[in-house]
Amino acid sequence: MNTSLTQNKTASLAWYAAFAIASAIGILVTMAGVLPLMWTYGEGIGRAIGQFPSQIVSGIIFGLGLGAAVGIAQWLVLRGREAEATRWLIGSIVGGVVAGVVGILISIFNDQGENVPVMILAFVTLGGLFGLGQFLAARSIARSPLWMVANAVGLLAAWFIPSSTQTMQPPGVIAGALVYGVLIAAALWWLKK
């Protein structure tokens, strides 16, 4: 077998593994940093400006955190390999903000976490809109609208794995984040073929 071809496949596999890990880290930062911030200040903001405007603000905060955390983590891996890496970061942040607002507005109908179909819809929409921002900003990286589907499934899995145990304990959150990372990296590999 050609040595350079073998080295190229190994380097490619390492790059996709790095992308998966970076994506998982971005989700972990969102879960560990952004969600507690949103929960801590959400009630105070709600009393100050009203429930509906505070949900918009919460969606912006969550979406900005998601877009920045995942976008920066992925950008760090993409920047040496992809020409549109900066556009990817911008698309992640803009897509994250839009996705965060829409996801929070959908979750209004959640009944304190008891309405599973609403949560599924919220996370599928969140992932799809987040992926749409990346797709529209950097089509040379996310080459197909299927990228939105991959993000929708990935973020749904990142939520479902820890929530299915009824606790948001670190092992479940880490497992969900890793599944998201692997699904996203696999989708990126598949779409690049």
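Me: Which handedness does the crossing of α2 and α3 have?
Reply: In this predicted model, helix α2 (residues 51-78) and α3 pack with their axes 6 Å apart and at an angle of about 150°. Angles over 145 degrees count as roughly antiparallel, and therefore α2 is roughly antiparallel to α3. The crossing of these helices, α2 and α3, is right-handed.

Me: How many nonpolar, polar and charged residues does the contact of α2 with α3 have?
Reply: The contact in question is that of helix α2 (residues 51-78) with α3, whose axes lie 6 Å apart. Divided by class, the residues of this contact of α2 with α3 come to 17 nonpolar, eleven polar and no charged.

Me: Is Gly65 buried or exposed?
Reply: Gly65 has its place in helix α2, and, leaving aside neighbours within four places in sequence, Gly65 is in contact with Thr30 and Val34. Its relative accessibility is 13%, and since the cut-off for burial is under 20%, Gly65 counts as buried.

Me: What is the distance in space, C-alpha to C-alpha, of Gly65 and Val97?
Reply: Gly65 belongs to helix α2, and in sequence Gly65 and Val97 are 32 residues apart. In space, taken from C-alpha to C-alpha, the separation of Gly65 and Val97 is 8.3 Å.

Me: Are α3 and α4 roughly parallel or roughly antiparallel to each other?
Reply: α3 and α4 pack at an angle of about 160°, with 7 Å between their axes, and α3 passes α4 in a right-handed crossing. By class, the contact of α3 with α4 has 14 nonpolar, ten polar and one charged residues. Because an angle over 145 degrees is the criterion, α3 and α4 are roughly antiparallel.

Me: Which element has the lowest mean pLDDT?
Reply: The protein averages a pLDDT of 89, with 92% of the residues scoring at least 70, whereas over residues 1-7 the pLDDT stays under 50. Among the elements, helix α3 (residues 85-107) has the highest mean pLDDT, 96. The lowest mean, 81, is that of helix α1 (residues 3-49).

Methods. Residues are numbered from 1 along each chain as its sequence is written. This is a predicted model: local features need pLDDT of at least 70, side-chain atom pairs count only at pLDDT 80 or more; totals for chains, interfaces and linings use all residues. Side-chain values use heavy atoms; hydrogens and water are left out. pLDDT is the predictor's confidence in each residue, from 0 to 100. Helices (H or I, at least four residues) and strands (E, at least two) are DSSP runs, numbered from the N terminus. Contact means heavy atoms within 4.5 Å. Axes are lines fitted to C-alpha atoms, for helices over the stretch in contact, and angles run from 0 to 180 degrees between N-to-C directions. Angles under 35 degrees count as roughly parallel, over 145 as roughly antiparallel, 65 to 115 as roughly perpendicular and the rest as oblique. A crossing is left-handed if the near helix is turned anticlockwise from the far one by less than a right angle, and right-handed if clockwise. Ala, Val, Leu, Ile, Met, Phe, Trp, Tyr, Cys and Pro count as nonpolar, Asp, Glu, Lys and Arg as charged, and the others, Gly among them, as polar. Buried means under 20% relative accessible area, exposed over 50%, partly exposed in between (1.4 Å probe, protein chains only).
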